[in-house]
Amino acid sequence: MSFLEKSAWLMTFALLISGVLYFNTVMSTSEELGQLAVAHLPSMIIYTIILCLVSIIGHIVIAILSPKEASAKHDEREQKIVFKASHFSGYVTGTCIVSSLGLFLFHHDGSLLFYTVFGSLIISQLSEYLLQIFFCRTSFI
Amino acid sequence: MAKLLPIANNVRALREANGAITQSGLGDAVGVTRQTIAAIEQRRYSPSLEVAFKISRFFDVGLEDVFSWDE
């Protein structure tokens, strides 16, 4: 498995863990309040810290396990994989953001807009890493 | 099974005929990763002309001795 693929798996895991924890907190707070909880900075900071910690520690571990690959630049195939995954995840971002804006037009709820846009960004990043994994494992022009 | 790309190659046979050079060794020589050499051998990736020439020069053979069109 290439360093690119290991990194993509790690970031998928980190995004899933931090995203699930964040939205779990939002859901439980909303249940207590009986309405959608307003987005707060502290929970965003905790989300960011968890994401950064998991990704930094994870990358240190995989770099220790494969130091040569970690210090090498992406080769031509990996550059194409990164570019193509980024290209398609852009469509995911656009679709999710437009859907979020459409939802806002019906509900006029700023907090809901925040959460759906934030979720869109997470889904977009997830799709990018999953596509990288897919392209690493399949035929690729 | 992954779709085979139309550019066939003899990279694996050439590696084995030239003293069992490893994928990693060939990758280092032509500036790509071991995984990319594996993908080329399995016809999951068609290399750029630059890498194709580097591979043929590494084995000291012509480009068409390494790569061929096979639809």
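Among the contacts in chain B between residues at least 6 apart in sequence, 57% join residues at least 24 apart, two residues being in contact if their C-beta atoms, placed from the backbone, lie within 7 Å. The structure is a predicted model, in which local features need pLDDT of at least 70 and side-chain atom pairs count only at pLDDT 80 or more, while totals for chains, interfaces and linings use all residues. Residues are numbered from 1 along each chain as its sequence is written, and chains are lettered from A and ligands numbered from 1 in the order in which they are written.

Chain B holds five helices and two strands, which follow one another from the N terminus in the order β-α-α-α-α-α-β; helices (H or I, at least four residues) and strands (E, at least two) are DSSP runs, numbered from the N terminus. The radius of gyration of chain B, taken over C-alpha atoms, is 11 Å, close to the 11 Å that the globule rule gives for 71 residues, so chain B is as compact as a globular protein of that length; the rule is 2.2 Å times the number of residues to the power 0.38.

Buried residues make up 31% of the 71 residues in chain B, where a residue is buried if 20 or more other C-beta atoms lie within 10 Å of its own, exposed if 12 or fewer, and partly exposed in between. In helix α2 (residues 23-30) of chain B, the buried residues are Q23(B), L26(B), G27(B) and V30(B). Seen down the axis of α2(B), these residues fall within an arc of 100 degrees, so they line one face of the helix, the arc being that of the directions from the helix axis to the C-beta atoms. An α-helix has 3.6 residues a turn, so residues three or four places apart point the same way. The cover over the buried residues of α2(B) includes α1 (11-17), α3 and α4 (49-58) of chain B.

The contact between the chains takes 14 residues from chain B and ten residues from chain A. On the side of chain B that touches chain A, the largest share, three residues, comes from helix α3 (residues 34-41) of chain B.
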